[in-house]
Amino acid sequence: LEKNNALREAGAHVPTNGFDGIGSSVSELFAQDLRPICTPRVLPLDFRVAKKQNLVRKSSSIVSTIVDERGTELLYSGQTIHSIVDQGMGLGGTIGLLWFRRQIPPAFARFIELCLVVCADHGPCVSGAHNTIVATRAGRDMVSSVASGLLTIGDRFGGALDAAGQMLLDSVDRITPSELVVEMRKSNTRIPGIGHRVKSVDNPDSRVQLIKDYMRTQCETVTYLSYFEEVAAITTSKKGSLILNVDGAVAASMIDYMSTFMSLDDIRSLVDNGLLNGIFIVSRSIGLTGHHLDQLQLGQPLYRHETDDVFYG
Ligand code: ACO
Ligand code: LMR
């Protein structure tokens with residue numbers, strides 16, 4: 001009895017009627033204390049069910065606004081590819097949807113296509129084609145050979161559009177063309193979009209003329225193009241090769257066209273993000289792909305530069 005009392009005092013549940021009471025004591029204890037602990041937990045809602053009921057969303061690792069491929073019909077900026085094809089929006093219109101995220105004016109779409117045509121290639125001797133040809137003849141595959149050509153596009157070759165665009169956006173409302181030429185000379189900076197290695201006043205670049213002609217007949221404003229032509233009039237008066245080059249003509253004209261349906265802030269942001277060079281990159285990929293195929297079709301051997309064309313100092 002003493003042992004039972006001691007156990008009770010220590011907090012143990014001790015049956016009052018000895019060993020026979022163990023069963024009822026355990027069942028009383030279970031009813032009072034244990035049952036609530038054993039009540040099954042309510043499981044949280046399954047994620048898939050909750051998602052179906054629109055109660056939750058997974059945080060996104062990618063935010064994308066130009067293409068939706070989830071439905072039965074592929075959408076470019078909300079337009080089905082059927083309607084893009086049916087409307088004859090072409091490559092220019094498709095670039096509008098994927099780069100400008102909207103349907104661009106048809107005349108602008110045609111202008112982009114003109115740029116793609118005139119910039120597609122400029123022969124085997126220019127930096128990009130030369131690299132592609134050498135890479136192809138070294139046995140590299142198409143992607144590597146074309147990439148090797150594309151990697152030459154930069155401030156001097158084919159990639160002067162962005163810098164030309166930024167310069168024009170910064171200058172047109174601020175300084176005159178002659179002040180710009182002086183400013184660039186003072187800072188010892190070459191004017192992006194001006195100058196060509198082989199084209200000059202005496203050997204004009206017909207690509208530039210095609211662009212100018214299209215702009216003067218189709219675009220309602222040529223503010224940036226005219227400004228750049230004035231810059232070129234000054235530079236060519238000093239040196240015949242300092243013409244408005246194809247990079248400069250495309251850059252200025254693109255900005256003129258963009259200004260017909262976009263704010264200057266939006267234009268600046270796209271130009272800062274490299275949209276203008278994108279035109280040259282896409283276009284020249286066509287020519288570089290051609291050079292790769294051409295070299296293979298001709299079965300050209302490994303290229304090695306002639307030593308008599310190197311001055312060993
Ligand atoms: N602005 C001001 N001066 C220039 C420019 C320019 N854009 N380009 C050349 N010059 C000057 C040079 O400073 C040099 O002057 P100097 O004789 O007093 O020293 C003179 O003209 C000749 O320069 P070169 O280096 O011999 O010119 P080159 O024919 O080699 O350069 C190039 C051609 C690279 C296109 C050059 O004119 C240039 O850098 N232009 C700006 C970048 C550009 O627009 N690139 C795109 C070209 S088009 C295309 O790639 C599709
Ligand atoms: C080109 O389109 O590749 C060029 O105008 C550059 C060049 O050197 O001819």
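1. Arg197 places a polar side-chain atom 2.8 Å from an oxygen atom of ligand 1. The model is a predicted one, and the distances in this note should be read as belonging to it. Asn245 also contributes through its side chain, with a polar atom 2.8 Å from an oxygen atom of ligand 1. Arg156 instead uses its backbone: an N or O atom there lies 2.8 Å from a nitrogen atom of the ligand. On its own, ligand 1 has 920 Å² of accessible area, and the protein covers 67% of this.

2. The shell around ligand 1 holds 19 residues, of which Arg156, Arg190, Gly193, Ile194 and Asn245 come nearest. By class, the shell consists of eight nonpolar, five polar and six charged residues.

3. Where does ligand 1 sit? The space it takes is the largest pocket. The volume of that pocket is about 1,300 Å³. Its lining comprises 36 residues, and those closest to the centre are Arg156, Ile194, Gly195, His196 and Arg197.

4. Elements that supply two or more lining residues are α9 (161-171), α10 (177-186), α12 (223-238), α13 (246-258) and α15 (275-297). The largest share, three residues, comes from α10.

5. The lining of the largest pocket divides into 15 nonpolar, 12 polar and nine charged residues.

Note on methods
Residues numbered from 1 in each chain as written. Chains lettered and ligands numbered in written order. Predicted model: local features only at pLDDT ≥ 70, side-chain atom pairs only at ≥ 80, totals over all residues. Heavy atoms only, no water. Near = heavy atom within 4 Å. Polar contact = N/O pair within 3.5 Å; in protein donor to acceptor, adjacent residues only side chain to side chain. Areas by Shrake-Rupley, 256 points an atom, 1.4 Å probe, with all protein chains shown as cover. 1 Å grid on protein atoms, 1.4 Å probe; cavity = no way out; pocket = protein on both sides within 12 Å on 5 of 7 lines; lining within 4 Å. Sits in = over half its atoms within 2 Å of the grid points. Nonpolar A, V, L, I, M, F, W, Y, C, P; charged D, E, K, R; others polar. Points joined across faces, edges and corners; volume = space filled by probe spheres on them. Helix = DSSP H or I, 4+ residues; strand = E, 2+ residues; numbered from the N terminus.
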